Protein chains: 2
Amino acid sequence: MLQGKILVAQGGGPTAVINQSVVGIVLEARKFAGVEAVYGALHGVSGIVNEDFIDLGQETQSNLELVGATPCSGLGSTRDKPDEVYCHEIFKVLQAHEISTFFYIGGNDSSDALRILADEAKAADYALRCIHIPKTIDNDLMVNDHTPGFPSAAKFVASAFAGVNQDNRALQGVYVAVVMGRHAGFLTAASALGRRYPDDGPHLIYLPEREFDMDRFLSEVKETNDKYGRCIVAVSEGIHDSSGTPIVTKLAANVEHDAHGNVQLSGTGALADLLTDQIKEKTGIKRVRGDTFGYLQRSFLGCVSDIDQREAREVGEKGVQFAHAAGRDGTVTIHRVGNYATEYQLTQLEEVAGKTKVMSDDMIAPSGSDVTATFIDYAKPLLGSGMPEASRFQAPRVDKILV
Amino acid sequence: MLQGKILVAQGGGPTAVINQSVVGIVLEARKFAGVEAVYGALHGVSGIVNEDFIDLGQETQSNLELVGATPCSGLGSTRDKPDEVYCHEIFKVLQAHEISTFFYIGGNDSSDALRILADEAKAADYALRCIHIPKTIDNDLMVNDHTPGFPSAAKFVASAFAGVNQDNRALQGVYVAVVMGRHAGFLTAASALGRRYPDDGPHLIYLPEREFDMDRFLSEVKETNDKYGRCIVAVSEGIHDSSGTPIVTKLAANVEHDAHGNVQLSGTGALADLLTDQIKEKTGIKRVRGDTFGYLQRSFLGCVSDIDQREAREVGEKGVQFAHAAGRDGTVTIHRVGNYATEYQLTQLEEVAGKTKVMSDDMIAPSGSDVTATFIDYAKPLLGSGMPEASRFQAPRVDKILV
């Protein structure tokens, strides 16, 4: 039963709809008579140890809706991963403020932080209900059909490639764009969702689920360019060689790690530049351009999937309902039923925490450098309504006179 | 008087609305009884010498509208700049196909190509009406209040910064994004159009209109980061030192030039990486991220200003009407009347061709690293309707108990 004071926080990388989940939690929780207060912790678990709370009971419904429609963690975020000592600091604060239930919105690292916290709470005999609310543009949470944040990021990537496909048709040459995704290629694969005509790009898609071989890459780019007079390539930032070493680290002088031990991949154009330099040098193709989509993929204002907005809101609402009805810790998971509909379940934290889902083999073409219709069928409904389409002139050629 | 066969082509870098101008020309020209045919040349002037024409009289209105709403040159583009020999090749083809009027949609390089063509036509006593239709995301055409393509690109840049501002509030640190713009800083300045709260980024804006000094840059970043705990920087790709040397060329091993003699600035993340490396090294700030917005600025599908769409359509329509009524060559120019309304004029080609407009001093803050209210007032109406706004939680802090 939901009662006392509840706390909500956001962890990890922002998404376009992560605030919808806060709003879902706040609006739903305020309906329960037993709920005394709904607090928000600023900057995730670090805001708890610093006692940085705001009183979300004092938000108007109107402003909550406006923040819900705003991308990126409105409460602030953190990459901190609590250990035992950190957990005890958290308990001290939660106890002082009489928090009964903690909703942590985040990806696999945040769910793992919550799992540690839940375990430590049990060990310390501290009565704390821990509910994880899923989000990640990487779409890499186990059990879930997909995760809130991914559909909007996928719409951004699909829209971007549908646009650069037109740009590249106009000016020709090779275009390489690097897409976020450390271990899971879902977001890079979404580059295919804007294709419409048979010769539309991306013509080649390189995913972290497959080993990246530079020579094969270069020969595939050259072959495509010979065929179409142009070539568009989507590359995951997480591509790695046969030993598992990320391609980008081969270049970077200083490799940066976060608190979870992950190598920093985003926030640099190094991988795109490395690949375009190789193409120029080795294939002789002259016009070669590289982009790195960077932080716009998860934060761009105004590119959002309405399906994603609704589901991100619902996982928050369901989290509160589960906390009230189920009487146990867990993570809210999304399950697809029919085409297209979803339902939500409360799943054990351990089934999701710290684990990574990658693309299944049937979503990746045998060539290793494209996706299959299975992936397209899986991902297309997630883009929601209003995904724009690119159109072409259809007029026939005029007969030549001089030649 | 408009009669015979007319030809339309697109040159230079694509924009989100460049096809609206083609559609405006085609739909308007098809109304004139004297017009026998409306051809499109594929890939600009290069399509003329190659006799690559399509018959735009055989486009349905419905498909024209769909292509109009699609970003990037649907007819294809080119960076070719015709010399005398090239012009004679063009005349040969135009004469064979009995083309009377040529509409060239492009920026200052394309208008200069058209000027050369018009001069050579006169010298060769070839009766050819040449009309330039403006477009450029750089917004750097003389005489024009602004140019079609800029408002949509500005909306993209403003939306991107409004989003990364939320991202950076959530995870802190320094964020640098490089925006297109060789000589004119208008598009980089548009980064300020999404600011809403006093501490919203970008906090610093570096334009090619001002000399870039690395030491001053680093101290301004450090000062801002000390003040807000974070710092967002917008940088034009064209920033240069006191000698006029672009900062990016200080790093690049191979400098690439186009047919107009311009150094290639886009299609690489080198400048952002150079700046973030300097910040990390010299200020000791740990979380420093860099993005280069790249080709998405001019091609992203689904981010368009409705004002821009309408005006890009109208400059095409007006071009046809001027060609019919004025009986002379020229370039269609946009003039602001009132707030906000525009009117169109036919201006002499020489006043626009090959010239570059930059930001006026009253649009740039005395500090040299921000814009003024004059710029905001100038640019904001161009974004049109439906520009999203980012909102924040307003809830008050909860009193601390433990400290």
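Which residue takes a positive phi just after α11(B)? The residue is G327(B), with a phi of about 65°. The model described here is predicted.

## Helix α11 of chain B

Helix α11 of chain B covers residues 306–326, 21 residues in total. From its first C-alpha to its last, the helix reaches 29 Å, which is close to the 30 Å expected at 1.5 Å a residue.

Several residues of α11(B) are buried, including I307(B), D308(B), E311(B), A312(B) and R313(B). Also buried in this helix are V315(B), G316(B), G319(B), V320(B), F322(B) and A323(B).

## How the chains are related

Chain B is superposed on chain A by a rotation of 180° with 0.0 Å of shift along the axis, and the RMSD is 0.0 Å. This is the relation of a two-fold axis. The C-alpha of chain B nearest the axis belongs to G269(B), at 2.2 Å from it.

## A nonpolar patch on chain A

On the surface, I401(A), L402(A) and V403(A) form a nonpolar patch. Together, these residues have about 320 Å² of accessible area.

I401(A) is located in the segment after α12 (373–379) of chain A. I401(A) counts as partly exposed because its relative accessibility is 48%, and partly exposed covers the range between under 20% for buried and over 50% for exposed.

Methods: Residues numbered from 1 in each chain as written. Chains lettered and ligands numbered in written order. Predicted model: local features only at pLDDT ≥ 70, side-chain atom pairs only at ≥ 80, totals over all residues. Heavy atoms only, no water. Patch = residues over 30% accessible without salt bridge, like charges linked within 9 Å, V, L, I, M, F, W, Y side chains within 5 Å. Areas by Shrake-Rupley, 256 points an atom, 1.4 Å probe, with all protein chains shown as cover. Salt bridge = Lys/Arg side-chain N within 4 Å of Asp/Glu carboxyl O. Helix = DSSP H or I, 4+ residues; strand = E, 2+ residues; numbered from the N terminus. Buried < 20%, exposed > 50% of the residue type's maximum accessible area, 1.4 Å probe, protein only. Expected span 1.5 Å × (residues − 1). Least-squares fit on C-alpha atoms with pLDDT ≥ 70 in both.
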